[in-house]
Amino acid sequence: MEHTACKTGRAGLGLTGFAGRSLRLFYRAMRMRSDRAAMQAMPDCLLKDLDIARSEIDHYTSRRHASGADGMDIRNAR
């Protein structure tokens, strides 16, 4: 039996797939936390230039909003 015949074509079914997904989720959570802290540290005038109110920071750094195609990367906003 050939090695290629044993592949199911479904990625991430084993322990390595679980570990990879876990690491990605951990990285995203840490990045979201870092982005939120960076925006909280910004002065109000800079947030105003970005058209973001201080009360909207949680919304813009949420997983739902950050995963969209128009997600904002505040690290490049200068």
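Asp44 counts as exposed because its relative accessibility is 52%, where exposed means over 50% relative accessible area, buried under 20% and partly exposed in between (1.4 Å probe, protein chains only). The model is predicted, so local features need pLDDT of at least 70 and side-chain atom pairs count only at pLDDT 80 or more, while totals for chains, interfaces and linings use all residues. Residues are numbered from 1 along each chain as its sequence is written, and side-chain values use heavy atoms, with hydrogens and water left out.

Asp44 forms a salt bridge with Arg54, the closest N and O atoms being 2.7 Å apart; a salt bridge here is a side-chain nitrogen of Lys or Arg within 4 Å of a carboxyl oxygen of Asp or Glu. Because Asp44 belongs to helix 2 and Arg54 to the loop between helix 2 and helix 3, the pair ties together parts that are 10 residues apart in sequence. Arg54 is partly exposed, at 32% relative accessibility. The C-alpha atom of Arg54 is separated by 9.4 Å from that of Pro43, a residue of the loop between helix 1 and helix 2 (44–49).

These elements belong to a chain with four helices and zero strands, helices (H or I, at least four residues) and strands (E, at least two) being DSSP runs numbered from the N terminus. The buried residues of helix 1 are Gly17, Met32, Asp35 and Met39.

Asp35, at 11% relative accessibility, forms a salt bridge with Arg31, with 3.6 Å between the closest N and O atoms. The two residues are four apart in helix 1 and therefore separated by about one helical turn.

A further salt bridge joins the side chains of Arg36 and Asp58 (3.1 Å, N to O). This pair links distant parts of the chain, with Arg36 in helix 1 and Asp58 in helix 3, 22 residues apart.

Ser62, in the loop between helix 3 (57–60) and helix 4 (63–66), is buried, with a relative accessible area of 15%. Leaving aside neighbours within four places in sequence, Ser62 is in contact (heavy atoms within 4.5 Å) with Met32 and Arg36. The side chain of Ser62 also reaches the backbone oxygen of His59 at 2.9 Å.

Key: Polar contact = N/O pair within 3.5 Å; in protein donor to acceptor, adjacent residues only side chain to side chain.
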